[in-house]
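The exercises below are meant to be worked with the sequence and the model side by side. Try each task before reading its solution.

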Amino acid sequence: MGLLVEGQWHTDWYDTKATNGRFKRKDSSFRHWVTKDGSAGPTGDAGFKAEKDRYHLYVSLACPWAHRTLIIRSLKGLEDFISVSVVNAYMADEGWTFNAGNEVVADFINHKQRLHEIYTLAKPDYTGRVTVPVLWDKKHNTIVSNESSEIIRMFNSAFDDLGAKEGDFYPKALRSNIDAVNEFVYPNINNGVYRAGFATTPEAYEEAVTELFEALDSVENILSKQRYLTGPSITEADWRLFTTLVRFDAVYVGHFKCNIRRIVDYPNIWGYLKELYQVEGVAATVSIPNIKEHYYASHDMINPTRIIPVGPMLDFTEPHGRDAL
Ligand SMILES: N[C@@H](CCC(=O)N[C@@H](CS)C(=O)NCC(=O)O)C(=O)O
């Protein structure tokens with residue numbers, strides 16, 4: 001794991017000394033938007049019009065943020081619009097690479113071996129972390145965005161006039177509700193597991209793990225009364241929670257010490273997780289072996305032997321029992 005400083009690669013891990021052992025995630029740096037007519041989006045420059053086969057997505061199958069983009073790409077039927085490369089699950093001194101390995105899809109667009117070379121193609125003096133997902137513009141040879149929450153909003157609507165599948169995961173009437181759920185789920189749950197797992201003091205870990213399980217308890221309560229987080233229909237808020245839940249028992253319980261309860265111990269969250277997994281097109285985006293390999297093998301400061309646990313046995317295809325709600 002490393003980062004770029006003025007276009008040069010450095011092999012540094014996250015520095016938590018300045019923050020009393022607390023892990024702080026940095027904001028993303030490329031914030032342009034693909035739009036229907038190429039006009040500017042809420043941030044960044046104009047010039048990124050939705051067009052068939054113009055954009056390429058770089059993802060890791062292990063990464064929960066990248067996973068969101070794969071799910072919305074699949075639900076909106078954008079496979080023929082947006083091509084994909086998949087990095088190697090193992091992330092070490094070179095950061096994310098396209099080295100041969102399980103489920104790797106090479107960089108057949110820019111023919112690079114490491115993801116940081118994609119960042120310096122877009123910005124030769126780039127300084128910052130080199131993260132997935134990355135949405136690449138094949139026409140202007142640059143990065144449109146490396147912020148998953150914005151990439152899923154683009155996929156949700158920008159390609160609708162070009163033949164994307166129906167479905168709106170950020171409907172106008174629910175936006176304030178969705179935003180409120182996201183603001184709660186992101187720090188406490190999506191990033192909460194990382195705050196627990198990457199903490200380097202007991203205090204920072206205990207703070208994060210307590211907040212994480214209080215938040216999961218409150219999600220369990222919400223899901224005991226309604227089918228999805230914002231009511232009777234699935235929205236982006238559900239997909240954003242899903243990518244953390246599907247990794248939870250396999251990785252976060254053990255590797256990140258998020259072990260007060262497991263997801264299978266929460267009857268409503270467990271049923272909800274299985275239901276979302278069973279939505280058409282979603283299961284194919286989930287690779288538990290890839291997820292386990294990435295976390296357990298890459299974070300050797302947490303797991304120095306790099307041994308990948310065999311269990312747990314999880315069956316996301318069991319009946320979910322959520323129809324009654
Ligand atoms: N805000 C970003 C976060 C993405 C992110 O942190 N991805 C992780 C993988 S799960 C990564 O690539 N980390 C590499 C690093 O920080 O060096 C997003 O949601 O798109």
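**Exercise 1. The shell around the ligand**

How many nonpolar, polar and charged residues does the shell around the ligand have?

*Solution.* Bear in mind throughout that this is a predicted model. Begin by sorting the shell by class, which gives 7 nonpolar, 6 polar and 2 charged residues. Next, ask which members come nearest: of the 15 residues around the ligand, these are Cys63, Trp65, Arg129, Thr131 and Ser148. Finally, turn to the helices, where H1 and H3 are each found to supply at least two residues of the shell.

**Exercise 2. The contact between the domains**

Work out which parts of domain 1 face domain 2, and describe the residues found there.

*Solution.* The domain assignment of the protein chain places domain 1 at 3–162 and domain 2 at 172–279, and the centres of the two, taken over C-alpha atoms, are separated by 24 Å. To the contact, domain 1 contributes 14 residues and domain 2 contributes 16 residues. On the side of domain 1 that touches domain 2, the elements giving two or more residues are helix H1 (64–75) and helix H3 (148–157), and H1 provides the largest share, with 5 residues. Sorted by class, this side of domain 1 has 6 nonpolar, 5 polar and 3 charged residues.

**Exercise 3. The largest nonpolar core**

*Solution.* The core has 88 residues, of which Tyr58, Val59, Val132, Ala196, Ile269 and Leu273 touch the most other members. Helix H7, spanning residues 236–252, gives the most to this core, namely 10 residues. Because domain 1 (3–162) and domain 2 (172–279) both give residues to the core, it lies between them. For Leu273, once neighbours within four places in sequence are left aside, the contacts are Phe242, Leu245, Val246, Ile263 and Phe316.

**Exercise 4. A sheet and its edges**

Which strands stand at the edges of the open sheet of 3 strands, and why is one side of each left without a neighbour?

*Solution.* Start from the strand order, S2-S1-S5, in which the pairing is antiparallel. Strand S2 (8–10) and strand S5 (128–129) stand at the edges, and each has a single partner strand, so one side of each is left without a neighbour in the sheet. Then examine the pairing of S5 with strand S1 (residues 3–5), which run antiparallel and are joined by 2 bridges.

Methods. Residues are numbered from 1 along each chain as its sequence is written. This is a predicted model: local features need pLDDT of at least 70, side-chain atom pairs count only at pLDDT 80 or more; totals for chains, interfaces and linings use all residues. Domain bounds come from an automatic or database domain assignment. Two residues are in contact if their C-beta atoms, placed from the backbone, lie within 7 Å. Helices (H or I, at least four residues) and strands (E, at least two) are DSSP runs, numbered from the N terminus. Ala, Val, Leu, Ile, Met, Phe, Trp, Tyr, Cys and Pro count as nonpolar, Asp, Glu, Lys and Arg as charged, and the others, Gly among them, as polar. A residue is near a molecule or strand if its C-beta atom, placed from the backbone, lies within 6 Å of it. A nonpolar core is a set of buried Ala, Val, Leu, Ile, Met, Phe, Trp, Tyr and Cys residues joined through C-beta atoms within 7 Å. A residue is buried if 20 or more other C-beta atoms lie within 10 Å of its own, exposed if 12 or fewer, and partly exposed in between; C-beta atoms are placed from the backbone. Two strands pair if DSSP finds at least two bridges between them.
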